[in-house]
Amino acid sequence: MDYRTLGNSGAVVSSYALGTMTFGAEATEEASHAILDDYVAAGGNFIDTADVYSAGVSEEIIGRWLTSRPDARDRVILASKGRFPMGKAPNDVGTSRRHLTRALDDSLRRLGVEQIDLYQLHAWDPITPLEETLRFLHDSVSSGKIAYYGFSNFLGWQLTKAVHIAKAHGWSAPVTLQPQYSLLVREIESEIVPASLDAGIGLLPWSPLGGGWLSGKYKRDQPPAGATRLGENPKRGMEAWEARNDDPRTWEVIETVEKIAADHGVGASQVALAWVAEQPAVTSVILGARTAAQLADNLAAAHLELSEEESRRLTEVSQPRVGVYPYGPMAREQRSRKIEGGR
């Protein structure tokens, strides 16, 4: 495992983080604690959760794990999130000071800690003024309830606006952004990655295996079945079976991943994860696992080094589709410049 700074902060995290959305839903408490133990034993020190994961149960499972292992709190960087509904009332959702005050206090209680190292807004809130939200986060840093803050699922302009509002007021600055990013979902490269690089924001990619598509467990025109996410629900979210199966690009990417994996004698997941980990602005790649075996397979990506030629093949085959303008090649040329002059 190698280590990187948490965005533009001085905190140090492992290049692979442990995502805990499965805790309390797809993984029992016993299995979750085993996953946490194995992750830390492998050198991982960055645990990511959220209040809505299993309606707070994920945080509770982590809290009991921390209590049962007294030295763990000093070793790990703990991240959580707030924003999505934890009740049905109008103020049980959003990034208002009222909702986030309760959400943060509830997360601290469930986790059994006095401070959350990285507190993240789980998504943009179109209703709450951004100044209100950022002032709450600054006050939470000042009071010691959180050490740093970041965002999840923000667009490029939203991130940039937040960075400059915080700077203008002299408030604590955001350090990270958590977007979806994989060889199958690279659209963030048009605006979000450049905005993050400009602000020194570290990216924490979620779903780096494209919802399991890049693990090699699905086959073309063979609908999934059994104990997998798509086997249990083929229409599940953004990774739904039908649309991706019908797209030839999906299978071109998977075929390239599997060929490179075979050359290295490793699983497809490790190749897909290694590619994401080496992308610009990426701080730590979030791994999700139902079992300790899945975690072990994914963590093996930390030992895999792709050659320049292998990275190029993966980048080319997975190139996101864009129109002529504003993200096409000719439009990008309009924004470039040679230091020696000319076109």
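Analyst: S207 counts as buried, at 19% relative accessibility, where buried stands for under 20% relative accessible area, exposed for over 50% and partly exposed for what lies in between, with a 1.4 Å probe and protein chains only. The model is a predicted one, in which local features need pLDDT of at least 70 and side-chain atom pairs count only at pLDDT 80 or more, while totals for chains, interfaces and linings use all residues. Residues are numbered from 1 along each chain as its sequence is written, and side-chain values use heavy atoms, with hydrogens and water left out.

S207 sits in the loop between β9 (202-203) and α8 (229-232); helices (H or I, at least four residues) and strands (E, at least two) are DSSP runs, numbered from the N terminus. Apart from its neighbours within four places in sequence, S207 is in contact with Q180, Y181 and S182, contact being heavy atoms within 4.5 Å. From S207 to G10, 197 residues away along the chain, the C-alpha separation is 26 Å.

To place this residue in the whole, the protein chain has 14 helices and 10 strands. Its radius of gyration is 20 Å, close to the 20 Å that the globule rule gives for 343 residues, so the chain is as compact as a globular protein of that length; the radius is taken over C-alpha atoms, and the rule is 2.2 Å times the number of residues to the power 0.38. The C-alpha atoms fill a box of roughly 55 × 50 × 40 Å along the principal axes, and buried residues make up 52% of the 343 residues. Of the contacts between residues at least 6 apart in sequence, 75% join residues at least 24 apart.

Another buried residue is H138, at 17% relative accessibility, and its place is in helix α5. Leaving aside neighbours within four places in sequence, H138 is in contact with G170, W171 and S172.

Helix α5 also meets α6: their axes come within 10 Å and cross at roughly 65°, with axes being lines fitted to C-alpha atoms, for helices over the stretch in contact, and angles running from 0 to 180 degrees between N-to-C directions. The crossing is right-handed, a label used if the near helix is turned clockwise from the far one by less than a right angle, and left-handed if anticlockwise. From α5, residues L130, E131 and L134 meet K161, A162, I165, A166 and H169 of α6. By class this contact holds 5 nonpolar, 1 polar and 2 charged residues, where Ala, Val, Leu, Ile, Met, Phe, Trp, Tyr, Cys and Pro count as nonpolar, Asp, Glu, Lys and Arg as charged, and the others, Gly among them, as polar.

Rings of Phe, Tyr and Trp (its six-membered ring) pair if their centres lie within 6.5 Å, and planes under 30 degrees apart count as stacked, over 60 as edge-to-face and the rest as tilted. In one of the pairs, the rings of W124 and F154 have centres 5.4 Å apart and planes at 80°, so this pair is edge-to-face. W124 lies in the loop between β6 (116-121) and α5 (130-143), and F154 in the loop between β7 (146-152) and α6 (156-169), so the pair ties together parts 30 residues apart in sequence. W124 is buried at a relative accessible area of 19%, and F154 is buried at 2%. For W241 and W251, the ring centres are 6.4 Å apart and the planes at 70°, so this pair too is edge-to-face. W241 lies in helix α9 (residues 241-245) and W251 in helix α10 (residues 248-264), so the pair ties together parts 10 residues apart in sequence. Ring pairs also link W124, Y149, F151, F154 and W157 into a cluster.

Finally, all 10 of the 10 residues of helix α11 (residues 268-277) are buried, so this helix is largely enclosed by the rest of the structure. Its buried residues pack against β1 (3-5), β3 (16-19), α10, β10 (285-288), α12 (292-299) and α13 (308-317).
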